Structures are given as C-alpha cells and as structure tokens.
Amino acid sequence: MLNKVSIDDINFKGLRTLVRCDFNVPLQDGKITDENRLVASLPTIRKLIGDGAKVILCSHLGKPKGEPKPELSLAPVAVRLSELLGQEVKFAADPEVVGPNAKAAVAAMKDGDVILLENTRYRKEETKNEDNFSKELASLADIFVNDAFGTAHRAHCSNVGVAKYVKTTAVGYLMQKEITFLGNAVNNPKRPFIAILGGSKVSSKISVINNLLDKVDTLIIGGGMAYTFMKAQGGTIGNSLCEDDYLDYANDMIKKAADKGVKMLLPVDTVIADDFSENANTKVVKAGQIPDGWQGLDIGPETCSLFADAVKNAKTVVWNGPMGVFEMKKFAKGTEEVARALADTDAVTIIGGGDSAAAVNQLGYGDKMTHISTGGGASLEFLEGKELPGIAAATDKKRHIMAAGNWKMNMTPSQAVELINTLKPLVADKSDTTDVVLCVPAIDILPAVEAAKGSCIHIGAENMYFEEKGAYTGEISPDMLTDAGAEYVIIGHSERRQYFAETDETVNKKVLKAFEHGLKPIICCGETLTQREQGITIDWIRQQVKIAFLGVTAEQAASATIAYEPIWAIGTGKVATAEQAEEVCGAIRNVIAEIYDASVAANITILYGGSVSASSAPGLFAMEDIDGGLVGGASLKPDFAKIVKFDKQ
Ligand code: AMP
C-alpha cells in the first residue's frame, strides 16, 4: 500500500492502526485535571473506528524515566477516553508496553475495537529512539498514524523510529491542523503579519527571533527577555532578568530588523517590583529607567496600548510567551491585555502552546482564537523554521520496495562474483528503502552469498524441490539452500511451468516447504496472451494465487512476495502498461484480503515482472499496488542498480 499523508486518503478497514497520540495530561491523585488533549484526539480516533480499523493508541505520560511508575500509568486515560468515545477503550496493562499482554490484546481485536498501550516512556529505549522498541511497536501494526504534535519536535521510538518499520504512515487530523495553521501563518501569511514573543529568556528564542525577522512585518518583544534588549540599548534595568551573553545578539537583531524594514516593538514602560513576590511594592516606570533594587515583572499600560494597537491592524498574529510573570495576579495584566487584543482582532490568531495557550484558555478567550497549538516546544521549533522529526517521519517516508533479479540460466560462478562486486557500491545507499535480492543459479549461490557479505544484497534461488531429500536426481532441497545462505526462492516461474511441468499444486507444495524452512518465497503467477485476449486474466490469476496459498498461515502470507509476470511479456520485450500491471496486482491484493484480511493484504509484497528495465521500472513501480519488480535480463548488468534506486513516495 502506498504511503499516504492524510488519513482521509486511506480506508482503514481491518487494518491494525497504531496511533501516536498526545495523552500527556496533568493528573492529580489519579484524576485527569485537564482533558483538552484527550478531546483533541477524538476526531482521528472516530474516523478510524468509523472505517472499521483496529485502533491501537499509544502515548507517553510525564517522565517515568524508562521504568514502570504506577502513578504515571495511562490507565485513567483509557477510562476517560471510553466515556468520551462512548465505546470501550481497552487498556493493555503491560509493564513492557509491547509485552505479552499487549500482544494478546492486539491479537484479540475485532474491527472497530480500540485499545490503549501503556506509557511508552516506561521503556528506556523510547527517548533514545532505539530500533528494538521501534520494531516492537511496529510489529503490532500495519499502518502508523502520528497525531501527537506536542512531541513532534522529539525523535522518539513511538513517533519517529516506528515509522521506519511500517509500510504506511500518515498524520492524523490534529497534526494536520497544526501543520496547516502554523505552516500557513509562517510561510504564507496574510499581511500585515505580526509575531509577539515573550517569556523569560532570549537564549531560548534566538532561532525563533532570527527566523521570524525574515517573515514578519512587525516583531513585538515583551516578557522577561525584553530587559536584555533594553540593557543592550543602554538602558538601566535594575535586578530584572537579563542574559548578558546575549546583549550583542539583541543589538544584532535590532539592526537586522531595521535592515529588513521590519518594525520591532519593545516595551516603552514597565511594571517594576521591589521583590519577586505577590506582596511586593510596585510602580510603573519608563523602559530602561529601572532603579537599583527593582525588577521589571510586566509590561506597563502604555506598552499594553502600543501592542494592542499594532494587533488591531494585523491580518495574521502569532503569539508565543507571556508578557510578564503572569502566574502572579499582580503581574498578569500585560499578558491579559495582549490576550484580549488578540481576542478582539479580526486577524488570524495563532497561539503557540505552553504558557500563552494556558493564559488564553484561563481567560476564557480560547474559542476567540483561530488556532491554539497543542505543542509548546513543537510550535516554537516550527516557528524557528525547523523540520520537526515527528512530522518528517510520518510524511516524508519513502515506501519500501523490492528489486529482485532473476538471472535465469545465465552467469557462471565467477561472473556472478564479478557482477555482485560491481553492484555492491552502486546500491549501498538503498538498504533502508529497498530489498535488493538476486536470485541466482543454484551453483552460484555459495560464491554469491560470500561476495554479497556486508552489503545490502540478499541472495535467493531460482527454484527448489518440495521434498526434504532422497532420490530426486538433479533437484535442490530447501536445506541445501538455507545451508548455502540463500534467503529467498522463486517458485512457479512461468518458465518452470512451461518447460518443467510445474503445476499450481507443485507450486503450493514448494511454497509450504519454503516457509517451513524459513525461506522467503517469491511466488510467480501470470497469464498467457490467449488468456488475456479471452478476458480471463483476473480469474486465472485468482485461481493461481488461491492454490499457491493453500495451507499458508496469515503470518506466513504477510511476509510472502507474489510476482505477477504476464507470460506474454517475459523475454519478449513487451511490457505490460503500468495500468495493466496495476489492475492485476490490485486484484492479487484483493484475493489475499479475501483469503486472509486487510492486514495481510497490506503487508504482502507484490512485484511486477516481465521485461522490466531501468526505463520502464519508474512508471510501473509508482503504481499503488506494485511494490517493486522481478527483473530478468536487466538484472544481469550493473544497470540493475538504476532499478534498485527508484524512490517510491
Ligand atoms: P518561557 O518558558 O521562556 O516561555 O517563559 C515563561 C516564563 O517567563 C513564565 O513562567 C513567566 O513567569 C516568566 N516571565 C515572564 N516575564 C518575566 C519577567 N519580566 N521576569 C521574570 N520572569 C518572567
């Protein structure tokens, strides 16, 4: 299946769908004190239930630091989610997150069921993005959906690593909304575009200031970081928050704004206090005129009007960071006034997560804003213009393909070694996205395996007998292949059917034997020209596939490869059009879904074969149901590397 970006493009019926949510909610005595994040995740979950997916939810909660901490269990979230959805969300209590309990719970799921896994940060691998936990998570799922914007700026197993090991990834509605609003605001804003930055430190917002100065018409700076700017310009700031290491930087930014014609608004007055406390004495002074022993803890009334006026005429406003120490009522006025100005303007208003989002919600202005981001750190990095790993992993993923060569009765052992040595460096960079397989004559297997060692090339055989051993002169047994190091075996190629009396029944016996011995079969099917002209192609292929898979388990089938090889296109130079090939490969996927389920159909690999060349491969491989190619003549030359290098999106 193709890697899609939006969940609207996918029918999830029957698919095990792992959804990374942001259920990092505040808890007090086991009770959720703010359920905004749960509510925000519902649209995606409802869409998946509606499609009949098997919905497997996961998230982190707090910082259990890699070990089970009962007070940070997601169990209360499952209870509340069940109430919000009006449907049971089964909690897969499991200290290993993907341990025996979780696996059993997933195996027992029916279409439309929802389960929640335990806190992903119970596992120490999670925050290190270690492959083993990513693979465990991926093993539960056919599809991965990332809907956790709040962690999108982190590269962890459950939001980034896992994407590598599933075939299809997408972003959920919540993530999509964040990308659209923040993306449009930053890259395609209606102007005038104003950014308001506050909070404590210049140092944590350097990249944001720098990036936004290239985009905005006006940059407003308030909060604790404004005092570094005031001092940089020669003002006195008493005991106010200041980062002396950033004085030059502050002046550079003021100069950059002037050079770019960006208006930079700094506070003109400030509320000062003789103590960092609610009981402090306070007064309002001009900016840059703060006496010793006093500190600035909020913007003053003139500044509030100045900032509010600027916002009035804006078409887009992005706000991140409070204007003062808003946690204390005495110093919350500036933040409140800015929130009110944003609530009153007709502009598109985007609130970066964290403190400013909390302030807006507390003041009851939440529904007056165009968009309140669910991610503090993530929205900040978005505003810095950085690529967020959580978004990139779910949207830029290249789909896995297989490029399998079938050398047929060509290449002596020494020629095999020579070609593999030539190919090795040419395909080295494709190990992440392509299964490179060379199916070689039996006598070439040993030297080919040796030559391919340490590279991403896998070696397979072109045929195998279905008996274990005995009086079958000239045949090769499965044990011989595995002992020689072969991993794959082509079964039922049309030439074997045509010249060596291979039937659907012998194909089935060989397929079962291959699985029994841990060999990965590449099972061939295809129609003759007469059958195509008679219009019975699909019926014929369905029958071949059904017989080939008799007795094959769902788990085995999910790991199998089917190669559709129209006999009329083999060795004739005739290539099926991409549409003809897609029609049959789609029909093959459907028959697998009928025999097993959507999950097996999504995971099985379906190749097109028949005069595939470097020039025909891109058109064929780009099709939805074609996962790569079984390549004859073109795999006998170094040019095969060009086919391997196809990038499927
Ligand atoms: P940040 O995490 O950098 O966005 O900063 C948010 C914090 O900045 C809040 O906890 C505010 O209390 C604090 N803050 C805002 N203005 C000031 C100020 N003038 N002096 C000290 N802290 C401030």
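Trainee: How much space lies in the largest pocket?

Mentor: This is a predicted model, where local features need pLDDT of at least 70, side-chain atom pairs count only at pLDDT 80 or more, and totals for chains, interfaces and linings use all residues. Residues are numbered from 1 along each chain as its sequence is written, and side-chain values use heavy atoms, without hydrogens and water. A pocket is an open set of points on a 1 Å grid over the protein atoms alone, where a 1.4 Å probe fits, with protein on both sides within 12 Å along at least five of seven lines. Taking volume as the space filled by probe spheres set on the points, joined across faces, edges and corners, the largest pocket holds about 1,400 Å³.

Trainee: Which residues lining the largest pocket are the closest to its centre?

Mentor: Lining residues have an atom within 4 Å of a point. There are 41 of them in the largest pocket, and the closest to its centre are Tyr165, Val166, Lys167, Ala558 and Asn603.

Trainee: How are α10 and α11 oriented, roughly parallel or roughly antiparallel?

Mentor: Helices are DSSP runs (H or I, at least four residues), numbered from the N terminus; axes are lines fitted to C-alpha atoms over the stretch in contact (heavy atoms within 4.5 Å), with angles from 0 to 180 degrees between N-to-C directions. The axes of α10 (residues 301-312) and α11 (residues 333-344) come within 9 Å and cross at roughly 20°. Angles under 35 degrees count as roughly parallel, so α10 and α11 are roughly parallel.

Note on methods. Helix = DSSP H or I, 4+ residues; strand = E, 2+ residues; numbered from the N terminus. Parallel < 35°, antiparallel > 145°, perpendicular 65-115°, else oblique.
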